Amino acid sequence: MAEVLLVGEPMALFIAEEEGTLDRVNKFTKALAGAEANVAIGLSRLGHTVKYITRLGNDPFGKYIYEKLLEEEIDVSSIKFTDKYPTGFMLKSKTSKGDPDIFYFRKGSAASHVTPDDIDCELGELKHIHITGITAALSNDTLDTVYRMIQIGKENGIRISFDPNIRKSLWKSEDEMVSTLNDIASRCNIVMPGIKEGFILTGSEEVDAIADFYLEKGAEAVIIKIGDKGAYVKTKDKSFTVSGYKVEKVVDTVGAGDGFATGVISGLLEGLTLSDAVKRGNAIGAIIIMSPGDNDGLPDKVTLEKFMKEN
Ligand code: KDG
(Lines give C-alpha, C1' and ligand atoms only; values in the text may rest on other atoms or scores of the structure.)
Protein backbone atom coordinates (compact mmCIF):
# COMPACT_ATOMS: atom_id res chain seq x y z
CA MET A 1 0.00 0.00 0.00
CA ALA A 2 1.10 3.56 -0.72
CA GLU A 3 1.48 6.34 1.91
CA VAL A 4 -2.01 7.72 1.29
CA LEU A 5 -5.31 5.96 0.55
CA LEU A 6 -8.24 7.63 -1.20
CA VAL A 7 -11.52 6.23 -2.49
CA GLY A 8 -13.82 8.29 -4.68
CA GLU A 9 -15.66 8.90 -7.88
CA PRO A 10 -13.60 10.28 -10.75
CA MET A 11 -15.57 11.76 -13.62
CA ALA A 12 -15.00 13.09 -17.07
CA LEU A 13 -15.44 16.85 -16.77
CA PHE A 14 -16.58 19.12 -19.59
CA ILE A 15 -15.54 22.72 -18.95
CA ALA A 16 -17.46 25.38 -20.89
CA GLU A 17 -15.25 27.42 -23.16
CA GLU A 18 -17.67 30.35 -23.23
CA GLU A 19 -19.75 32.07 -20.55
CA GLY A 20 -23.49 31.40 -20.32
CA THR A 21 -25.88 28.82 -18.98
CA LEU A 22 -24.86 25.21 -19.55
CA ASP A 23 -27.72 24.51 -21.97
CA ARG A 24 -26.48 27.31 -24.24
CA VAL A 25 -22.79 26.55 -24.32
CA ASN A 26 -21.55 24.97 -27.53
CA LYS A 27 -17.92 24.22 -26.80
CA PHE A 28 -16.45 22.30 -23.90
CA THR A 29 -12.97 21.10 -23.03
CA LYS A 30 -12.62 17.63 -21.60
CA ALA A 31 -10.79 17.14 -18.30
CA LEU A 32 -10.81 14.95 -15.21
CA ALA A 33 -12.78 15.74 -12.03
CA GLY A 34 -13.44 14.16 -8.67
CA ALA A 35 -12.48 15.56 -5.30
CA GLU A 36 -10.48 12.54 -4.13
CA ALA A 37 -8.84 12.15 -7.54
CA ASN A 38 -7.78 15.81 -7.34
CA VAL A 39 -6.13 15.23 -3.96
CA ALA A 40 -4.50 12.03 -5.27
CA ILE A 41 -3.04 13.94 -8.22
CA GLY A 42 -1.86 16.79 -5.99
CA LEU A 43 -0.09 14.47 -3.56
CA SER A 44 1.50 12.44 -6.32
CA ARG A 45 2.84 15.58 -8.01
CA LEU A 46 4.47 16.51 -4.71
CA GLY A 47 6.26 13.15 -4.64
CA HIS A 48 4.00 11.10 -2.36
CA THR A 49 2.83 7.58 -3.10
CA VAL A 50 -0.94 7.40 -3.40
CA LYS A 51 -3.39 4.55 -3.81
CA TYR A 52 -6.71 5.55 -5.37
CA ILE A 53 -9.60 3.09 -5.41
CA THR A 54 -12.73 3.35 -7.52
CA ARG A 55 -14.80 1.51 -10.12
CA LEU A 56 -14.94 2.65 -13.73
CA GLY A 57 -17.25 1.77 -16.58
CA ASN A 58 -15.78 -0.13 -19.50
CA ASP A 59 -16.30 2.91 -21.70
CA PRO A 60 -14.26 5.75 -23.22
CA PHE A 61 -14.57 7.94 -20.09
CA GLY A 62 -13.40 5.09 -17.89
CA LYS A 63 -10.39 4.45 -20.12
CA TYR A 64 -9.59 8.17 -20.28
CA ILE A 65 -9.68 8.52 -16.47
CA TYR A 66 -7.61 5.39 -15.90
CA GLU A 67 -4.91 6.59 -18.27
CA LYS A 68 -4.88 10.06 -16.69
CA LEU A 69 -4.40 8.55 -13.22
CA LEU A 70 -1.65 6.29 -14.54
CA GLU A 71 0.10 9.29 -16.12
CA GLU A 72 0.00 10.97 -12.71
CA GLU A 73 1.82 7.94 -11.26
CA ILE A 74 -1.02 7.02 -8.93
CA ASP A 75 -1.38 3.40 -7.78
CA VAL A 76 -4.45 2.26 -9.72
CA SER A 77 -3.94 -1.45 -9.14
CA SER A 78 -7.20 -1.87 -7.20
CA ILE A 79 -9.44 -0.01 -9.66
CA LYS A 80 -12.09 -2.31 -11.12
CA PHE A 81 -13.74 -1.98 -14.54
CA THR A 82 -17.34 -3.02 -15.08
CA ASP A 83 -19.58 -3.51 -18.14
CA LYS A 84 -22.67 -3.09 -15.99
CA TYR A 85 -22.53 0.60 -15.07
CA PRO A 86 -21.17 3.70 -16.85
CA THR A 87 -18.46 6.12 -15.78
CA GLY A 88 -19.99 9.39 -14.55
CA PHE A 89 -19.38 12.76 -16.13
CA MET A 90 -20.22 16.38 -15.34
CA LEU A 91 -20.48 19.80 -16.94
CA LYS A 92 -19.02 23.00 -15.51
CA SER A 93 -19.87 26.51 -16.67
CA LYS A 94 -17.41 29.35 -17.21
CA THR A 95 -17.94 32.42 -15.07
CA SER A 96 -16.02 35.55 -14.20
CA LYS A 97 -17.93 35.97 -10.91
CA GLY A 98 -18.26 33.53 -8.02
CA ASP A 99 -18.61 29.77 -8.36
CA PRO A 100 -19.45 28.12 -11.71
CA ASP A 101 -22.61 26.08 -12.26
CA ILE A 102 -22.14 22.35 -12.37
CA PHE A 103 -24.35 19.55 -13.60
CA TYR A 104 -23.80 15.85 -12.90
CA PHE A 105 -24.48 12.75 -14.96
CA ARG A 106 -23.42 10.29 -12.28
CA LYS A 107 -26.48 8.59 -10.77
CA GLY A 108 -25.95 4.82 -10.73
CA SER A 109 -22.40 5.21 -12.00
CA ALA A 110 -19.77 2.50 -11.70
CA ALA A 111 -18.06 4.42 -8.87
CA SER A 112 -21.26 4.54 -6.85
CA HIS A 113 -21.02 0.72 -6.72
CA VAL A 114 -17.70 0.69 -4.84
CA THR A 115 -18.05 -1.53 -1.75
CA PRO A 116 -15.95 -2.03 1.39
CA ASP A 117 -14.50 -5.18 -0.21
CA ASP A 118 -12.79 -3.02 -2.83
CA ILE A 119 -10.35 -1.83 -0.16
CA ASP A 120 -7.14 -3.79 0.15
CA CYS A 121 -6.35 -5.00 3.59
CA GLU A 122 -2.59 -4.84 3.16
CA LEU A 123 -1.38 -1.70 4.90
CA GLY A 124 2.37 -1.56 4.18
CA GLU A 125 3.47 2.06 4.07
CA LEU A 126 0.01 3.53 4.69
CA LYS A 127 0.23 6.67 6.83
CA HIS A 128 -2.80 8.73 5.92
CA ILE A 129 -6.39 8.19 4.79
CA HIS A 130 -8.30 11.10 3.27
CA ILE A 131 -12.09 11.01 3.05
CA THR A 132 -14.57 13.44 1.54
CA GLY A 133 -18.31 13.70 2.05
CA ILE A 134 -18.84 13.17 -1.68
CA THR A 135 -17.95 9.48 -1.44
CA ALA A 136 -20.24 9.21 1.58
CA ALA A 137 -23.14 10.66 -0.44
CA LEU A 138 -23.00 8.43 -3.52
CA SER A 139 -24.75 5.28 -2.25
CA ASN A 140 -25.17 3.01 0.77
CA ASP A 141 -22.25 0.94 -0.53
CA THR A 142 -19.91 3.91 -0.76
CA LEU A 143 -21.03 5.12 2.67
CA ASP A 144 -20.18 1.68 4.07
CA THR A 145 -16.83 1.97 2.30
CA VAL A 146 -16.15 5.26 4.08
CA TYR A 147 -16.86 3.59 7.43
CA ARG A 148 -14.56 0.70 6.44
CA MET A 149 -11.76 3.22 5.74
CA ILE A 150 -12.36 4.78 9.13
CA GLN A 151 -12.22 1.36 10.76
CA ILE A 152 -8.92 0.57 9.01
CA GLY A 153 -7.51 3.92 10.13
CA LYS A 154 -8.65 3.53 13.73
CA GLU A 155 -7.49 -0.06 14.12
CA ASN A 156 -4.05 0.73 12.77
CA GLY A 157 -3.36 4.18 14.18
CA ILE A 158 -3.43 5.79 10.73
CA ARG A 159 -4.30 9.50 10.57
CA ILE A 160 -7.63 10.25 8.89
CA SER A 161 -8.56 13.63 7.46
CA PHE A 162 -12.08 14.56 6.44
CA ASP A 163 -13.33 17.25 4.09
CA PRO A 164 -17.17 17.37 4.22
CA ASN A 165 -17.25 18.67 0.63
CA ILE A 166 -20.97 19.38 0.78
CA ARG A 167 -22.83 18.60 -2.46
CA LYS A 168 -26.48 18.96 -1.50
CA SER A 169 -27.74 17.52 -4.77
CA LEU A 170 -26.15 14.16 -3.93
CA TRP A 171 -28.07 13.72 -0.67
CA LYS A 172 -31.66 12.58 -0.10
CA SER A 173 -32.28 15.28 2.50
CA GLU A 174 -30.39 17.99 4.33
CA ASP A 175 -31.03 16.28 7.69
CA GLU A 176 -29.50 13.04 6.47
CA MET A 177 -26.56 14.94 5.02
CA VAL A 178 -25.86 16.85 8.22
CA SER A 179 -26.15 13.88 10.54
CA THR A 180 -24.06 11.58 8.32
CA LEU A 181 -21.30 14.10 7.69
CA ASN A 182 -21.11 15.00 11.38
CA ASP A 183 -20.98 11.34 12.35
CA ILE A 184 -18.09 10.74 9.95
CA ALA A 185 -16.31 13.92 11.09
CA SER A 186 -16.53 12.84 14.73
CA ARG A 187 -14.54 9.68 13.88
CA CYS A 188 -11.71 11.44 12.01
CA ASN A 189 -8.53 13.04 13.36
CA ILE A 190 -8.57 16.16 11.22
CA VAL A 191 -11.79 17.86 10.09
CA MET A 192 -11.49 20.46 7.33
CA PRO A 193 -14.78 22.23 6.52
CA GLY A 194 -15.14 25.49 4.68
CA ILE A 195 -16.72 28.21 6.82
CA LYS A 196 -20.06 27.98 4.99
CA GLU A 197 -20.03 24.21 5.38
CA GLY A 198 -19.28 24.67 9.07
CA PHE A 199 -22.40 26.77 9.38
CA ILE A 200 -24.57 24.24 7.55
CA LEU A 201 -23.23 21.37 9.64
CA THR A 202 -23.07 22.94 13.10
CA GLY A 203 -25.51 25.86 12.89
CA SER A 204 -22.78 28.24 14.03
CA GLU A 205 -21.17 31.05 12.02
CA GLU A 206 -18.25 31.50 14.43
CA VAL A 207 -15.06 29.64 13.56
CA ASP A 208 -14.33 29.00 17.22
CA ALA A 209 -17.73 27.45 17.86
CA ILE A 210 -17.52 25.32 14.70
CA ALA A 211 -14.11 24.05 15.81
CA ASP A 212 -15.34 23.32 19.35
CA PHE A 213 -18.29 21.36 17.95
CA TYR A 214 -15.90 18.86 16.33
CA LEU A 215 -13.23 18.93 19.05
CA GLU A 216 -15.88 17.98 21.59
CA LYS A 217 -16.92 15.09 19.35
CA GLY A 218 -13.35 13.74 19.32
CA ALA A 219 -11.48 15.42 16.43
CA GLU A 220 -7.84 16.29 17.21
CA ALA A 221 -7.65 19.28 14.92
CA VAL A 222 -10.24 21.34 13.11
CA ILE A 223 -9.10 23.44 10.17
CA ILE A 224 -11.70 25.85 8.82
CA LYS A 225 -11.15 27.37 5.38
CA ILE A 226 -12.07 31.05 5.44
CA GLY A 227 -11.62 31.95 1.78
CA ASP A 228 -8.95 34.53 0.92
CA LYS A 229 -8.39 35.14 4.63
CA GLY A 230 -6.75 31.72 4.89
CA ALA A 231 -7.64 29.15 7.52
CA TYR A 232 -8.51 29.01 11.21
CA VAL A 233 -6.99 26.12 13.13
CA LYS A 234 -7.98 24.81 16.53
CA THR A 235 -6.70 21.84 18.53
CA LYS A 236 -7.22 20.99 22.20
CA ASP A 237 -4.20 23.15 23.14
CA LYS A 238 -4.19 26.08 20.77
CA SER A 239 -5.96 28.06 18.09
CA PHE A 240 -4.55 30.32 15.39
CA THR A 241 -5.23 31.76 11.94
CA VAL A 242 -2.91 31.13 9.01
CA SER A 243 -3.29 33.94 6.46
CA GLY A 244 -4.10 33.20 2.87
CA TYR A 245 -2.19 34.15 -0.28
CA LYS A 246 -3.18 36.93 -2.67
CA VAL A 247 -4.51 35.66 -5.97
CA GLU A 248 -4.01 37.89 -9.04
CA LYS A 249 -6.94 36.59 -11.04
CA VAL A 250 -9.46 33.95 -9.95
CA VAL A 251 -10.19 31.74 -12.97
CA ASP A 252 -12.20 28.94 -11.33
CA THR A 253 -12.82 28.29 -7.64
CA VAL A 254 -13.61 24.58 -7.96
CA GLY A 255 -10.88 22.37 -6.54
CA ALA A 256 -9.57 24.95 -4.06
CA GLY A 257 -10.54 22.74 -1.11
CA ASP A 258 -8.81 19.74 -2.68
CA GLY A 259 -5.69 21.84 -3.25
CA PHE A 260 -5.88 22.90 0.39
CA ALA A 261 -6.20 19.28 1.57
CA THR A 262 -3.25 18.33 -0.64
CA GLY A 263 -1.10 20.94 1.06
CA VAL A 264 -2.11 19.99 4.59
CA ILE A 265 -1.72 16.23 4.04
CA SER A 266 1.60 16.50 2.21
CA GLY A 267 2.92 18.90 4.83
CA LEU A 268 2.02 16.55 7.68
CA LEU A 269 3.53 13.57 5.84
CA GLU A 270 6.76 15.55 5.50
CA GLY A 271 6.82 16.39 9.21
CA LEU A 272 5.87 20.08 8.95
CA THR A 273 4.16 21.71 11.92
CA LEU A 274 0.38 21.98 11.65
CA SER A 275 0.75 25.70 11.04
CA ASP A 276 3.24 25.20 8.16
CA ALA A 277 1.15 22.41 6.68
CA VAL A 278 -1.88 24.72 6.68
CA LYS A 279 0.23 27.47 5.12
CA ARG A 280 1.08 25.06 2.32
CA GLY A 281 -2.63 24.22 2.04
CA ASN A 282 -3.42 27.91 1.62
CA ALA A 283 -0.72 28.20 -1.05
CA ILE A 284 -1.98 25.28 -3.15
CA GLY A 285 -5.59 26.44 -2.68
CA ALA A 286 -4.53 29.80 -4.14
CA ILE A 287 -2.53 28.30 -7.01
CA ILE A 288 -5.32 25.98 -8.14
CA ILE A 289 -7.96 28.69 -8.52
CA MET A 290 -5.83 30.41 -11.14
CA SER A 291 -6.51 27.51 -13.59
CA PRO A 292 -9.77 26.42 -15.29
CA GLY A 293 -9.61 22.69 -14.46
CA ASP A 294 -10.21 21.09 -11.06
CA ASN A 295 -6.66 19.74 -10.83
CA ASP A 296 -4.54 21.01 -13.76
CA GLY A 297 -3.08 23.77 -11.59
CA LEU A 298 -1.86 21.43 -8.85
CA PRO A 299 1.84 22.21 -8.50
CA ASP A 300 4.92 20.05 -8.30
CA LYS A 301 7.45 20.76 -5.54
CA VAL A 302 9.46 23.33 -7.52
CA THR A 303 6.39 25.35 -8.57
CA LEU A 304 5.01 25.25 -5.03
CA GLU A 305 8.26 26.41 -3.43
CA LYS A 306 8.62 29.20 -5.99
CA PHE A 307 5.06 30.42 -5.35
CA MET A 308 5.49 30.34 -1.57
CA LYS A 309 8.79 32.22 -1.79
CA GLU A 310 7.52 34.91 -4.13
CA ASN A 311 4.16 35.54 -2.43
O1 KDG B 1 -13.74 19.42 -5.12
C2 KDG B 1 -13.78 19.46 -6.54
C3 KDG B 1 -14.82 18.54 -7.00
O4 KDG B 1 -16.05 19.12 -6.66
C5 KDG B 1 -14.88 18.28 -8.46
O6 KDG B 1 -13.65 17.90 -9.02
C7 KDG B 1 -15.95 17.33 -8.87
O8 KDG B 1 -15.98 15.61 -7.24
C9 KDG B 1 -16.57 16.50 -7.80
C10 KDG B 1 -17.92 16.80 -7.38
O11 KDG B 1 -18.62 15.89 -6.98
O12 KDG B 1 -18.32 17.95 -7.40
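**Close-up views of a predicted model**

**View 1. The eight-strand sheet.** Here we have an open sheet of 8 strands with mixed pairing, in the order β4-β1-β9-β10-β11-β12-β13-β14. β4 and β14 (239–242) take the edge positions with a single partner strand each, so one side of each has no neighbour in the sheet. A word on terms: helices (H or I, at least four residues) and strands (E, at least two) are DSSP runs numbered from the N terminus, and two strands pair if DSSP finds at least two bridges between them. This is a predicted model, in which local features need pLDDT of at least 70 and side-chain atom pairs count only at pLDDT 80 or more, while totals for chains, interfaces and linings use all residues. Residues are numbered from 1 along each chain as its sequence is written.

**View 2. Strand β1 and its two partners.** Strands of a sheet pair through backbone hydrogen bonds, either parallel or antiparallel. β1 (residues 4–7) runs parallel to strand β4 (residues 50–53), joined by 4 bridges, and Val4 has Val50 as its bridge partner in β4. β1 also pairs with strand β9 (residues 128–132), again in the parallel sense, over 3 bridges. In that pairing, Leu6 has His130 of β9 as its bridge partner. In a regular strand the side chains alternate between the two faces of the sheet. Both faces of β1 are covered, with Val4 and Leu6 buried on one side and Leu5 and Val7 buried on the other. Buried here means that 20 or more other C-beta atoms lie within 10 Å of the residue's own; exposed means 12 or fewer, partly exposed is in between, and C-beta atoms are placed from the backbone.

View 3. Leu5 stands opposite Ile129, and although the two are 124 residues apart along the chain, their C-alpha atoms are separated by 4.9 Å. Neighbours within four places in sequence aside, Ile129 is in contact with Leu5, Met149, Ile152, Gly153, Ile158 and Ile160. Two residues are in contact if their C-beta atoms, placed from the backbone, lie within 7 Å.

View 4. Strand β2 (residues 11–19) pairs with β3 in the antiparallel sense over 6 bridges, and Leu13 stands opposite Ala31 in β3.

**View 5. The shell around the ligand.** Around the ligand sit Ala33, Gly34, Ala35, Asn38, Ile134, Asn165, Arg167, Val254, Gly255, Gly257, Asp258 and Asp294. Two or more residues of this shell come from each of α1 (35–45) and α8 (256–269). A residue makes the list if its C-beta atom, placed from the backbone, lies within 6 Å of the molecule. Sorted by class, the shell has 4 nonpolar, 5 polar and 3 charged residues. Ala, Val, Leu, Ile, Met, Phe, Trp, Tyr, Cys and Pro count as nonpolar, Asp, Glu, Lys and Arg as charged, and the others, Gly among them, as polar.

**View 6. Two loop residues with positive phi.** Asn165, from the ligand shell, has a phi near 40 degrees, a positive value in a residue other than glycine. Asn165 lies in the loop between β10 (159–163) and α5 (174–186) and is buried, with 24 other C-beta atoms within 10 Å. Glu73 is not a glycine either, yet has a positive phi of about 60 degrees. Glu73 lies in the loop between α2 and β6 (80–82), and with 13 C-beta neighbours inside 10 Å it counts as partly exposed.
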